[in-house]
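Please study the sequence and the structure before reading each solution.

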Amino acid sequence: GDITTTGNWVIPSDESVIFIVNGDITIGGNVTITPGGFAAFVAKGDINISSNVGTTFNSATPVLDGVYVTSTAGTFASGTSTVAGKERLVGHGIFVAGNFLLQRDLDSVSANTLSSAELFIYDPQLLFTMPDQMKELPVVWQEVVP
């Protein structure tokens with residue numbers, strides 16, 4: 001089923017947190033990873049980010065760390081810019097989705113021409129801290145009679 005996170009999360013350097021959901025995921029607070037830690041959110045459906053998750057329009061400090069993956073039919077939705085001081089969404093990690101719905105804008109702070117409302121920063125370090133089970137790609141070879 002669907003899940004919703006609440007509050008801000010800080011993943012310690014020695015922990016891995018992985019959610020595999022047969023439904024939608026709603027992220028209701030910041031997700032921060034201490035170097036060496038790992039967090040992944042994998043949804044068969046959509047990943048929705050709450051308007052409460054964000055930072056000021058001129059900040060590049062990430063509010064979402066980790067790996068976020070939807071199915072090919074799923075959508076990663078950034079949420080809207082309706083909370084003052086949390087207009088911008090800054091993601092740091094790996095973001096993969098069938099579709100991206102970038103809904104934020106910076107009209108309320110008159111900064112649409114100065115900054116992007118969503119900023120995604122790729123973090124290849126997550127490939128090294130990812131648990132081995134997530135790195136395995138099973139391949140089956142089978143000879144077929146011609």
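Contact means that heavy atoms lie within 4.5 Å. The structure is a predicted model.

**Exercise 1.** Leaving aside its neighbours within four places in sequence, determine which residues Leu-64 is in contact with.

*Solution.* Apart from those neighbours, Leu-64 touches Ile-27, Gly-29, Val-31, Ile-49, Val-53, Phe-76, Leu-89, Val-90, Gly-91, His-92 and Phe-95.

**Exercise 2.** Classify the ring pair of Tyr-68 and Phe-76.

*Solution.* Step 1: rings pair if their centres lie within 6.5 Å, and planes over 60 degrees apart count as edge-to-face. Step 2: the centres of Tyr-68 and Phe-76 are 6.4 Å apart and the planes stand at 75°, so this pair is edge-to-face. Step 3: both Tyr-68 and Phe-76 are buried.

**Exercise 3.** Classify the ring pair of Phe-100 and Phe-120, and locate both residues in the chain.

*Solution.* Step 1: with centres 6.3 Å apart and planes at 70°, the pair is edge-to-face. Step 2: Phe-100 belongs to strand β11 (residues 99-101) and Phe-120 to strand β12 (residues 118-122), 20 residues apart. Step 3: Phe-100, at 41% relative accessibility, counts as partly exposed; Phe-120, at 32%, also counts as partly exposed.

Notes. Residues are numbered from 1 along each chain as its sequence is written. This is a predicted model: local features need pLDDT of at least 70, side-chain atom pairs count only at pLDDT 80 or more; totals for chains, interfaces and linings use all residues. Side-chain values use heavy atoms; hydrogens and water are left out. Rings of Phe, Tyr and Trp (its six-membered ring) pair if their centres lie within 6.5 Å; planes under 30 degrees apart count as stacked, over 60 as edge-to-face and the rest as tilted. Buried means under 20% relative accessible area, exposed over 50%, partly exposed in between (1.4 Å probe, protein chains only). Helices (H or I, at least four residues) and strands (E, at least two) are DSSP runs, numbered from the N terminus.
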